[in-house]
Every structure is written in structure tokens, then in C-alpha cells.
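Please work through the exercises below with the structure in view, and try each task before you read its solution.

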Amino acid sequence: MTKIKVVNKSHHPLPQYATAQSAGLDLRANLDESVVLKPLERCLIPTGLFIALPEGYEAQVRPRSGLALKRGITVLNAPGTIDADYRGEVGVLLVNLSQEDFTINDGERVAQMVIARHETADFIEVEELDATERGAGGYGHTGVK
């Protein structure tokens, strides 16, 4: 298990995994007053959390499936990436894709955060790439069946 240092300036407990095999930790809104998100409106929701990830890790902020399905609320830049050298407050960029106002209350679970290892890459410029069976086939190139 990876140890993550966290400063909790919210008035909520630290994020927790809902079950033993959950990949994501729930992030809660840390608000002085409720926020009304109108249709197609976006807003950065504070969590009151500040984290220090180890080098080689990132935190991904992802939508909660229930909010997305039932209310049309999602993370606009999903997944949002928190880099290991970022020390600011973790914020959740929500957007309302429904046709109804959505009220975000203090303490509401608004997103989930997944901690993941990542690699860094060295780009090597070449004149051409190796040939593959797929080649340059892009979106939908394999058909619908």
C-alpha cells in the first residue's frame, strides 16, 4: 500500500475506500454554502485536501458513476490529473450535463480519486515507424461487428 501525505483543511474525514477492492476514494465537497450548478454550467469544487504524492505516481480525479447516470453530473476534464509535484488544494471540476439545476451540498461525495503509477517517456525522433497490421487505421476502422 502506497503512503500518501495529506493535509486535511476540510471539516470532513479523510477520503476512504468504500470497499476492500475499490479502486477509487470518494472526494467530498468542502463548502461554506451550497452551490447550484445550472445546466451546462461548470464549477471548481474545493475539497480542503492537499496531498504529496510520491515521485512516479499521479492521482486521477474521476466522475462518480451514480451522479453521472442519475443526475448528469460529471468531471469536465475526466480524468483530471494531479501531478506528484502539485501542492495546492485538490479541486473537482464539475459540469452539469443535465437539463435541471443540481445543488452541491457540503460533504457531498462529488468525485472519486484513483492513485496510479505512471511512467515518464523519452521521445526519440525517427524518420518512420515500424509497420503493423493495423497501420494508420483510426476511429472505427475495425467496423461495427
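The exercises that follow treat the chain as a whole, then a pocket, then a ring.

The model is predicted, so local features need pLDDT of at least 70 and side-chain atom pairs count only at pLDDT 80 or more, while totals for chains, interfaces and linings use all residues. Residues are numbered from 1 along each chain as its sequence is written, and side-chain values use heavy atoms, with hydrogens and water left out.

**Exercise 1.** Find how many helices and strands the chain has, and in which pattern they come.

Solution. Begin by counting DSSP runs, where a helix is H or I over at least four residues and a strand is E over at least two, numbered from the N terminus. This gives one helix and 10 strands. Next, read along the sequence, where the pattern is β-β-β-β-β-α-β-β-β-β-β. The radius of gyration of the chain is 19 Å, well over the 15 Å that the globule rule gives for 145 residues, so the chain is more spread out than a compact globule; this radius is taken over C-alpha atoms, and the rule is 2.2 Å times the number of residues to the power 0.38.

**Exercise 2.** State which strands each supply at least two residues of the lining of the largest pocket.

Solution. The strands are β4 (42-52) and β10 (109-117).

**Exercise 3.** Determine which residue lies over the face of Phe50.

Solution. Apply the criterion that NZ of Lys or CZ of Arg is within 6 Å of the ring centre and within 35 degrees of the ring normal. Lys9 lies over this face, at 5.0 Å from the ring centre of Phe50.
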